[in-house]
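Hi everyone, thanks for coming. Today I'd like to walk you through one structure, piece by piece, so let's get it up on the screen.

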Amino acid sequence: MNTIAEHIADFLKEYPPFNHLTFQELSEIATNIRVVNLEKHKVLFQINDVLHDSFYVVASGVINLSVIADAEETLLNKCHEGDIFGLRPFFAKNNYMMTAKAREESIIYAIPIATFRPFVANNSEVLNFLLESFATNTRNPKDKENLNGKLISDNVFYSDQQSEMQYFQSLSYNNSPLITTKNAIVQDVAQLMTEALINNIIVCDNTIPIGIVTDTDMRSKIATGRFPITISVDKIMSSPVITVLENVSLAEAQLLMLKHNVTHLCVTQDGTNQSSIKGIISERDLIVAQASNPGVLIKEIKRSQTPKDLKQIRERLSDLIQNSIHKNIPLSHVNNIASEINMAIIKRSVELSILDLGSPPARFAWLSIGSQGRKEQLLLTDQDSILIFEDVTPDKYRDVKDYFLKLGKKTTATLEKVGYELCPNGHMGSNMLWCKSLTDWTKQYNSWMNTPGENSNDLSSIFFDYEIAFGEQRIEEAIGNVIFKNAQNNTLFFDFLGNDALKKNSPLSFFKKFIVEEEGPNKDKFDIKTRALMPLIDAARLFVLNYNLKGINNTYLRFKQLAITDAKNAEIYLNCAEAFLTLSKFRTLEGLKNDNSGQFINLNELSKIDKEKLKNAFAPMKELEELIKSKFQLTQFS
Amino acid sequence: MLDWLKNINKEHPEFWKTYISKFEKKPNRFVILSTETSGLNPTKDVILSIGSFAVVNNSVIIGDSFEAVLLQYKFLHDNGLSNEFIVESKMKKLGESEAIQSLIVFIGNAVLVGHHIDFDVEMINAALERLDCGRLKNEALDIDVMYRKLLDINDRQFSLDELCTIFKIPKSDRNSSSEDAYKIALLFLKLKSRLGIK
């Protein structure tokens, strides 16, 4: 009898495939377990390591599984409590194909294969689980849906990944290329290529590639009559061959082809043309690999029929964002792609509602407001939207409004199913208040902007960041005109917005310490959204409205544009633009880590360097504040 | 003091001789040890239960463990306790002499690790004396001392609970010497890697 073995058995029985075993069996397995502690960043096994005699279950902490391409690490999967990984030795004999590394300090159970094997052999359910896991690709969200939580984590094979951005996608390529010797006769070689239906052949000296003959060489050198078909192939081959390492990424391969003006790359053992050949990458392989890029995601969104379909696509977007950030792809670029995909999901959600309700009785526009309106939404945050429909005759008004309210309700419900929570303040097109005619909206904006103090309760600045998701472009333009017309020389309004922007609490104390939450669930954490991002967002909005800069909704781009428009303060704006990106990245990383909105940063988990980086990003805020104060001479609401 | 003088002419039991002979080799494992006792006085109090795990190659070997409830008839009798609750537990029950003997066989020449291990060692030594054996020869490590060394703290001690909180080891609602030994084992792994102990 072993008390701790029983506790471990208790733990295991919650997770598949262990849930198919009896407690007695689990206790027996648990008795043979080794418990290992992994410090943060400690590697448990890496690519090409000899297989261990055990597989692993995460008891606490997080283990990252990753592969390396172009000498950079790409995250395949995160293993959380109860996840199984490293099961490769059970089935395969070759070495590990990925790296397992502790993302945070973790405790894992090492279960010896020899102990577990009899339980697999004698229990068909356990066996099925393992076979199914290996037969399926967890990266495919359709399977994820069916087998949620039922799969082991390391059956992800890199070449199969669907949701990578092309920057670091790896390629599958032909690894049994046609090969010939330099003395072969052109005619025979051509015959060989024709039979194999392949447009290239590598000329080898032993196994070392010395040249390549492609259809192009046949066309330009033989068919033009420059060489007879009876000469040896080395007379017409292109040489040297451009060679690469096996795990070259799509982007790298593309660059190499462009740079050398070739259509084929030869994969060799060590990547040079002095080692033996492993395969060939053709332009076609690149095209095939590109089939899974953001563009394809958008296409799939357009074809989706149910909220469930959309939800799966949104999950793939999360993977894509996570990997992009991991790979240091510029955040502004990730922002663009993510917001296009988000927008497509919203658009499709409105479409689905219309398919359900029938054609709308009037023209309308569905606007995203807030962070999605600014195109800077990387994490799943709550939804903010408004609906504007064209003016109709008074007798029809009720029916029309009724229809659009229904449309709003359906759409927000769909989006909720996709994973965007409903706005806690009710800032959504499904709300009576925010679903109304163009005239009513014009009145609304007029009153907000001309008498800002009076009904400021329901004035949220997010109403000034909007982007059309669905419907009539002209309605959006009309509202834009109303806003910018009202903004002109409107001291009162800017006074209000300016004060609102300055009202936010500063991120650092007098002694340059982070000001953290004093109570509540996020005690001792740093509110990066309210204390650091919001002031920048508010200020950027304030200035673009003031400078009459239409159509630029993104905070980063707003600052960039302001640097051009107001050149004498350019430096401040540019610093703010950079700071905004840095801060967004911190927030996104925190959010991805905890699967939440990332609003509260746990400072204890930041390294000293990161803390400094974070503090440095606050520096431009002070200058920005001064700029606001001097420009708007704030008085009325101070 | 001068304990060895007392024992110099005594004939030690067989298991003890085997134990002593093990120290010719260098230890290759750690043994985590936790005891539950009736009080804090090594001469008057007795061990009620023992929980123990081996740590080899930076991992806790769940199977390589020893745990037992020690039936202390005299202690129970003197305090007017029935041994009903002990009988109810599923843990292995042994008389003190058997238990200590098995424990000695189990630990061998391993380096002992515990929380305030000196006390556990003293308690075991007292029991060994009753069996006409010498004192434990094993090296011992104390996780509290290790932790204080890590942070260079000299002026206070840390309880097991405090250490578990610091290292985010979940507390279990069940409390026994085995539970404690397991928690100590995890703490030891964490401290060991931080201090770079091989």
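Let's begin with a term: a salt bridge here is a side-chain nitrogen of Lys or Arg within 4 Å of a carboxyl oxygen of Asp or Glu. Please also keep in mind that this is a predicted model.

With that in hand, how many salt bridges are there between chain A and chain B? The count is 2. Over all chains, the count by this rule comes to 28 salt bridges.

Let me show you one that joins the chains. B:Arg194 and A:Glu105 form a salt bridge, and their closest N and O atoms are 2.5 Å apart. This pair crosses between chains: B:Arg194 sits in helix 9 (residues 177-195) of chain B, while A:Glu105 is in the loop between strand 7 (99-102) and strand 8 of chain A. Are these two buried, exposed or something in between? B:Arg194 has 32% relative accessibility, so it counts as partly exposed. A:Glu105 is at 23%, so A:Glu105 counts as partly exposed too.

Now let's look at the interface around that pair. On the chain A side, 20 residues are in contact with 20 residues of chain B. The area buried between chain A and chain B is about 1,700 Å², and carbon and sulfur atoms give 52% of that area. There are also polar contacts here: the rule finds 12 residue pairs across the interface of chain A and chain B, with both residues at pLDDT 80 or more. Which elements of chain A supply at least two residues each to the side that touches chain B? They are helix 1 (3-12), helix 2 (23-31), strand 1 (34-38) and strand 8 (106-112). Of the side of chain A that touches chain B, helix 1 of chain A gives the most, with 7 residues.

Next, two salt bridges inside chain A. In the pair A:Glu376 and A:Arg374, the closest N and O atoms are 2.5 Å apart. Both A:Glu376 and A:Arg374 are buried. They also belong to a network of salt bridges, which links A:Arg374, A:Glu376, A:Asp465, A:Asp538, A:Arg541 and A:Arg558.

The other pair is A:Lys568 and A:Asp566, whose side chains meet in a salt bridge at 3.7 Å, N to O. Have a look at the two partners on the screen. A:Lys568 counts as exposed because its relative accessibility is 75%, whereas A:Asp566 is buried, with a relative accessible area of 6%.

Here is another acidic residue, A:Asp217. You'll find A:Asp217 in helix 8 (residues 215-223) of chain A. Is A:Asp217 buried or exposed? Its relative accessibility is 5%, and buried means under 20%, so A:Asp217 counts as buried. What does its side chain meet? A polar atom of the A:Asp217 side chain lies 2.9 Å from the backbone nitrogen of A:Thr214. Leaving out residues up to four places away in sequence, A:Asp217 touches A:Ile212, A:Ile222, A:Ile236 and A:Ser238.

Time for some sheets, both in chain A. One is an open sheet of 3 strands in the order 12-13-14, with mixed pairing. Its edge strands are strand 12 (243-244) and strand 14 (277-282), each pairing on one side only. Strand 12 and strand 13 (residues 264-268) run parallel and are joined by 2 bridges. If you zoom in on A:Val244, you'll see that its bridge partner in strand 13 is A:Val267. Lying across strands 12, 13 and 14 is helix 9 (residues 250-260) of chain A, which runs at about 125° to strand 13.

The other is an open sheet of 4 strands in the order 17-16-15-18, again with mixed pairing. Strand 17 (435-437) and strand 18 (466-471) stand at its edges, and each has a single partner strand, so one side of each is left without a neighbour in the sheet. From one strand to the next, the twist averages 30°. Strand 16 (residues 385-389) and strand 17 run parallel, with 3 bridges joining them. For A:Phe389, the bridge partner in strand 17 is A:Ser437. Helix 16 (residues 438-450) of chain A packs on this sheet and touches strand 16 and strand 17, with its direction at about 105° to that of strand 17.

Methods. Residues are numbered from 1 along each chain as its sequence is written. Chains are lettered from A and ligands numbered from 1 in the order in which they are written. This is a predicted model: local features need pLDDT of at least 70, side-chain atom pairs count only at pLDDT 80 or more; totals for chains, interfaces and linings use all residues. Side-chain values use heavy atoms; hydrogens and water are left out. Buried means under 20% relative accessible area, exposed over 50%, partly exposed in between (1.4 Å probe, protein chains only). A polar contact is a pair of N or O atoms within 3.5 Å; within protein, one must be able to donate a hydrogen and the other to accept it, and residues adjacent in sequence count only if both atoms are side-chain atoms. Contact means heavy atoms within 4.5 Å. Two strands pair if DSSP finds at least two bridges between them. Axes are lines fitted to C-alpha atoms, for helices over the stretch in contact, and angles run from 0 to 180 degrees between N-to-C directions. Buried area is the accessible area (1.4 Å probe) that two parts lose on being put together, summed over both.
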